[in-house]
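Let's take a walk through a protein model together. Have the picture open while you read, and look up each residue as it comes along.

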Amino acid sequence: MTSEPGRERVLDAATRLFAALGYDGTSTKMIAEAAGLNTATIAYYAGGKRDLYLAVMERAHRMERSALEAAVADMTPDAAGVLNLLDRYIDFCAAHPEIPALWMHRWLSDAADVAHLESLYVKPLMRMVTGAVGGLLSDGADVEYLAWTIVWCTHGFARGGVLDGDGRRHGVDDPRELARFRAHLRGLVATALRLPGDDVR
């Protein structure tokens, strides 16, 4: 392996494990086994467990920032533009469910000793999105809470899905449930925009 492909292989394995088990529940040995390498090779490519975690979160942030920057740049200053921004965020989370999972672990105090990532990564993206849509909401709508509601719901759905009548989970890999979820969130946003029902579809 050359250095860059080797590092990506390590980061891919670490991302899968941190997303599934959290930082606190994952060991360097587990990452090495998942990558098919020994711990010395892991250290060579990415350093220790904390270094790996920081690299995983940085890579996840770069992907999310790139997707949101493109979506905001394409957004028209109207209700249709806000709904399209919402759709693109849902699409991103559906395509990369490991990223919502990484953040949800942090919501549960995972990696509590790595405390700066929210201010470094989350706050700038939140400011970008709320700044883009804030002026388009109806009077009295709280743009920050609307944005957080979308994040909470989308991350929860990407991670846990919804239960059917038999108690089985269906999530982002189920096209029917993803369409239902999308329609539901579009309805929430439409309420903040005071759109009639026909304009949501």
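What follows is a short tour of helix packing, salt bridges and a few loop residues.

## Before we start

One thing to keep in mind: this is a predicted model.

## Two helices side by side

Find helix H8, which covers residues 143-160, and helix H9, which covers residues 175-193. Their axes are 11 Å apart, and the angle at which they pack is about 170°. Angles over 145 degrees count as roughly antiparallel, and H8 and H9 are therefore roughly antiparallel to each other.

Who does the touching? On the H8 side, the contact is made by Leu 146, Thr 149, Ile 150, Cys 153, Thr 154 and Phe 157. H9 brings Glu 177, Leu 178, Phe 181, Leu 185, Leu 188, Val 189 and Ala 192. Sort the residues of this contact between H8 and H9 by type and you get 10 nonpolar, 2 polar and 1 charged.

## Salt bridges across the chain

Side chains of opposite charge can pair when their charged atoms come close. How many salt bridges does the structure hold? There are 12 of them, and we'll visit a few.

Start with Glu 8 and Arg 59, whose closest N and O atoms are 2.7 Å apart. Glu 8 sits in helix H1 (residues 3-21) and Arg 59 in helix H4 (residues 49-74), so this pair, 51 residues apart, links distant parts of the chain. Is Arg 59 buried or exposed? With 13% relative accessibility, Arg 59 counts as buried, whereas Glu 8, at 28%, counts as partly exposed.

Next up are Asp 74 and Arg 88, which form a salt bridge with an N to O distance of 2.8 Å. Asp 74 belongs to helix H4 and Arg 88 to helix H5 (residues 79-95), so the bridge ties together parts that are 14 residues apart in sequence. Asp 74 has a relative accessible area of 47%, which makes it partly exposed. Arg 88 is partly exposed too, with 29%.

Now look at Asp 87 and Arg 182, which meet in a salt bridge at 3.3 Å, N to O. Asp 87 is in helix H5 and Arg 182 in helix H9, and this pair links distant parts of the chain, 95 residues apart. Asp 87 is buried at 15% relative accessible area, and Arg 182 counts as buried at 18%.

Thr 26 is in the loop between H1 and helix H2 (28-35). Being in a loop doesn't leave Thr 26 out in the open here, because its relative accessibility is 2% and it counts as buried. What does the side chain of Thr 26 reach? It gets to the backbone oxygen of Gly 22, at 2.7 Å. Leaving aside residues up to four places away in sequence, Thr 26 touches Leu 17, Phe 18, Leu 21, Ile 31 and Lys 49.

Asn 38 is in the loop between H2 and helix H3 (39-46). Asn 38 is partly exposed, at 45% relative accessible area. Its side chain reaches the backbone nitrogen of Thr 41 at 2.7 Å, and a polar atom of the Asn 38 side chain lies 3.2 Å from the backbone nitrogen of Ala 40. For a sense of distance, Asn 38 and Glu 4 are 17 Å apart in space, C-alpha to C-alpha, and 34 residues apart in sequence.

Most residues other than glycine have a negative phi. Where does Ser 109 lie? Ser 109 is in the loop between helix H6 (98-107) and helix H7 (117-133), and its phi is near 70°, a positive value in a residue other than glycine.

Ala 111 is placed in the loop between H6 and H7 as well. The phi of Ala 111 is near 55°, again a positive value in a residue other than glycine.

Definitions and conventions. Residues are numbered from 1 along each chain as its sequence is written. This is a predicted model: local features need pLDDT of at least 70, side-chain atom pairs count only at pLDDT 80 or more; totals for chains, interfaces and linings use all residues. Side-chain values use heavy atoms; hydrogens and water are left out. Axes are lines fitted to C-alpha atoms, for helices over the stretch in contact, and angles run from 0 to 180 degrees between N-to-C directions. Helices (H or I, at least four residues) and strands (E, at least two) are DSSP runs, numbered from the N terminus. Angles under 35 degrees count as roughly parallel, over 145 as roughly antiparallel, 65 to 115 as roughly perpendicular and the rest as oblique. Contact means heavy atoms within 4.5 Å. Ala, Val, Leu, Ile, Met, Phe, Trp, Tyr, Cys and Pro count as nonpolar, Asp, Glu, Lys and Arg as charged, and the others, Gly among them, as polar. A salt bridge is a side-chain nitrogen of Lys or Arg within 4 Å of a carboxyl oxygen of Asp or Glu. Buried means under 20% relative accessible area, exposed over 50%, partly exposed in between (1.4 Å probe, protein chains only). A polar contact is a pair of N or O atoms within 3.5 Å; within protein, one must be able to donate a hydrogen and the other to accept it, and residues adjacent in sequence count only if both atoms are side-chain atoms.
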